[in-house]
Every structure is written in structure tokens, then in C-alpha cells.
Amino acid sequence: MAHVHRQQVDEGILDRAAALFAQHGYDHTSLKTVADSVGLSKAGLLHHYPTKEALYLATQQSVRAQGQRVFDQVADLPPGPARDRRALELLTDVALDRPGLVAQAFSSLTTPPSDGEPDHLDDIATLVFATFAVDAAQPSERLVRVIGALSALAVLSLSVNRAAGEKTMWRPHILATCLDALGHHRRTLSSDPTQVEA
């Protein structure tokens with residue numbers, strides 16, 4: 001039981017820290033700011049992560065782990081609408097449950113790292129593009145559509161979390177918007193709020 005509680009606490013710390021790193025950058029995010037935002041003292045936070053760099057690297061590892069989990073679940077599906085839909089469903093669930101990780105992943109795609117920032121998330125972009133079976137090195141309509149769908153997913157999920165909206169209600173609309181961006185236009189919205197018809 002204590003292990004489960006510790007894991008939940010660590011996940012909460014990592015998600016909040018990721019959001020702060022995304023918002024303020026590595027150099028301008030202090031351990032005290034992170035500790036305050038999760039209701040711990042700085043000493044309490046240091047009990048979980050001994051340095052700011054260790055905390056930052058743990059947030060990066062968490063982003064990578066979520067990305068790898070999504071990729072692993074779609075890798076056996078052939079490229080196409082079914083794979084895109086499944087990838088978006090999984091990514092939407094991550095985005096709604098862990099908005100800080102999404103903010104950090106998104107900021108890594110849009111903001112160059114600062115001089116003091118350890119390692120960066122370039123490899124997560126490669127993993128995400130592989131999830132959608134698109135080559136990021138080859139400009140194409142498909143690449144633009146994937147970037148558009150991911151941008152919509154990030155902005156919408158962050159907006160829902162910021163407004164403390166009803167995630168279950170928003171999920172099918174986020175999926176429909178992202179599927180539309182990929183060119184998989186929906187015909188109807190199913191009566192099941194977690195499913196979108198294509």
C-alpha cells in the first residue's frame with residue numbers, strides 16, 4: 001500500500017514539475033517553486049528527488065515512458081485510420097490525466113533548450129512521429145496533419161485541465177477534432193461519450 005501511495009505522489013510531483021518546466025524553462029524553475037506547488041517543503045521534495053536536474057530528468061523519463069507505452073500499443077497496427085484513432089485515444093487519455101507531461105513534451109517541440117537545460121526531448125518527437133507512421137524529415141501533407149492533430153490535442157487537453165472541465169465530456173470532442181485534422185472526418189458522434197465514429 002505504501003508503494004502505491006509513493007508512486008501516486010511521485011506521479012503528481014512529476015506532472016506538476018513538468019508543467020512548471022514547460023511554463024518557465026529549466027533555468028527559471030526552482031525546487032522551492034515545485035515544492036510549493038505540490039504542497040511539500042523543499043526538504044520534502046529533495047527526499048523524492050535530490051536535485052533539480054534529477055527532477056527534470058525524471059520528468060523527461062516519464063514523458064518518454066508514456067510515449068513508448070502508446071507506441072508499443074499501436075506498433076502492430078498497419079498505418080491508417082485505425083492506428084491513428086487508437087494512438088489518439090491513448091494520447092488523449094495521457095493528456096487529460098497528465099497535463100504537465102503534455103505541456104513539457106509540447107514545449108520541447110516548440111522551444112529550443114536553454115544553455116543550462118540537461119538533455120532534451122528530441123527523441124520523444126521521433127517516437128511520436130513513429131506512432132503515426134510519418135517521417136518527420138520528409139515534408140508532406142501527412143506530416144502537417146499529424147503536427148496539427150498533436151497541436152490540437154495539446155491545446156485542447158491543457159485548456160480542459162486549466163478550466164477544470166469535465167474530461168469525460170470533452171474527450172470525444174478532442175478525438176473528433178484530432179481525427180478531422182488527420183483527414184479522418186467523423187460522420188457521427190456515438191452515444192458512448194468515450195467513442196467517436198469515423
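## Basis of the model

The model is predicted, with local features requiring pLDDT of at least 70 and side-chain atom pairs counted only at pLDDT 80 or more, while totals for chains, interfaces and linings use all residues. Residues are numbered from 1 along each chain as its sequence is written, and side-chain values use heavy atoms, with hydrogens and water left out.

Helices here are DSSP runs (H or I, at least four residues) numbered from the N terminus. The crossing of H5 with H8 is right-handed (the near helix is turned clockwise from the far one by less than a right angle).

From H5, Asp84, Leu91, Thr92, Ala95 and Leu96 meet Arg142, Leu150, Leu153, Ser157, Val160 and Asn161 of H8, contact being heavy atoms within 4.5 Å. By class, these residues comprise six nonpolar, three polar and two charged (nonpolar: Ala, Val, Leu, Ile, Met, Phe, Trp, Tyr, Cys and Pro; charged: Asp, Glu, Lys and Arg; polar: the others, Gly among them).

## The largest pocket

The largest pocket holds about 400 Å³ of space. Its lining has 16 residues, of which Ala19, Pro99, Ala103, Leu158 and Arg162 are the closest to the centre. Helix H1 (2-24), helix H6 (99-110) and H8 each give two or more residues to this lining, and H6 supplies the largest share, six residues. The lining divides into seven nonpolar, six polar and three charged residues.

On a 1 Å grid over the protein atoms alone, a pocket is an open set of points with protein on both sides within 12 Å along at least five of seven lines, a cavity is a set where a 1.4 Å probe fits but cannot get out, and lining residues have an atom within 4 Å of a point. Points are joined across faces, edges and corners, and a volume is the space filled by probe spheres set on them.

## The largest cavity

One cavity of 30 Å³ or more is present, and the largest cavity contains about 320 Å³ of space. Among its 17 lining residues, Leu91, Val102, Ala105, Phe106 and Val128 are the closest to the centre. Two or more lining residues come from each of helix H4 (52-74), H5, H6, helix H7 (122-131) and H8. H6 gives the most, with five residues. The cavity lining has 14 nonpolar, three polar and no charged residues.
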